[in-house]
Amino acid sequence: MRKFLVMLDDSRECLNAMRFAAMRASNSGAAVTVLAVIPPNEIQHGFGVAEVMRAEAYERIEAHFEVFAKWMKSRPKVEPELIIREGDPAEQLLAYLNEDPEVGIVAIGLNSDKSAQNPLLARLLREAATLPCPITIVPADISKERLEAIT
């Protein structure tokens, strides 16, 4: 079975990447894996503080994922899988791609702000020649109707 892999974060462009992945998966009989990565700077180390911050980060991610999962299950009829990791988002994404040979496409949202940096996308583009699958870049400003037509 082929999977669409999409990153979950708090960005606006994440929404369209999720939509794209779910609609393409639904139309092609594939699955969706949602990868969320907790960066090291979100977990401070100290007397029990790290565990509390880690637990809060996991809860926040799971709540955010449930919003997308509910929509995916009801509309495009896709049952998404959530993977949560800790570390550098680009490193964790690349590691996951090497671990799961069923991933067929990575869907990445692109911010419409030309001055905004996307370190994850920049890293993927540097590694593009060695990736085990293609990358689909989904613009943040593309309409739901256009996404439906494309997928």
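The model is predicted: local features need pLDDT of at least 70, side-chain atom pairs count only at pLDDT 80 or more, and totals for chains, interfaces and linings use all residues. Residues are numbered from 1 along each chain as its sequence is written, and side-chain values use heavy atoms, with hydrogens and water left out.

**Stop 1**

Select Lys-3 and Glu-81. Their side chains form a salt bridge (3.6 Å, N to O). The term means a side-chain nitrogen of Lys or Arg within 4 Å of a carboxyl oxygen of Asp or Glu. Glu-81 is in strand β3 and Lys-3 in strand β1 (residues 3–8), so the pair ties together parts that are 78 residues apart in sequence. Strands (E, at least two residues) and helices (H or I, at least four) are DSSP runs, numbered from the N terminus. Lys-3 is buried, at 12% relative accessible area. Glu-81 is partly exposed, at 32%. Buried means under 20% relative accessible area, exposed over 50%, partly exposed in between (1.4 Å probe, protein chains only).

With Lys-3 and Glu-81 they are linked in a network of salt bridges. The whole structure has 12 salt bridges.

**Stop 2: along strand β3**

Stay in strand β3 (residues 81–86) and pick Arg-85. Arg-85 is buried, with 16% relative accessibility. Show Gln-92 too: a polar contact of 3.5 Å joins the two side chains, Arg-85 and Gln-92. Such a contact is a pair of N or O atoms within 3.5 Å; within protein, one must be able to donate a hydrogen and the other to accept it, and residues adjacent in sequence count only if both atoms are side-chain atoms.

**Stop 3**

Select Arg-75 and Glu-148. A salt bridge joins their side chains (3.1 Å, N to O). This pair links distant parts of the chain: Arg-75 sits in the loop between α2 and β3, Glu-148 in helix α5 (residues 144–150), 73 residues apart. Arg-75 is exposed, at 52% relative accessibility. Glu-148 is partly exposed, at 37% relative accessible area.

**Stop 4: Arg-123 and Glu-127**

Select this pair next. Arg-123 and Glu-127 form a salt bridge, their closest N and O atoms 3.1 Å apart. Arg-123 is buried, at 18% relative accessibility. Glu-127 is partly exposed, at 25% relative accessible area.

**Last stop: strand β4**

Finish on Leu-110, in strand β4 (residues 103–110). Leu-110 is partly exposed, with a relative accessible area of 34%.
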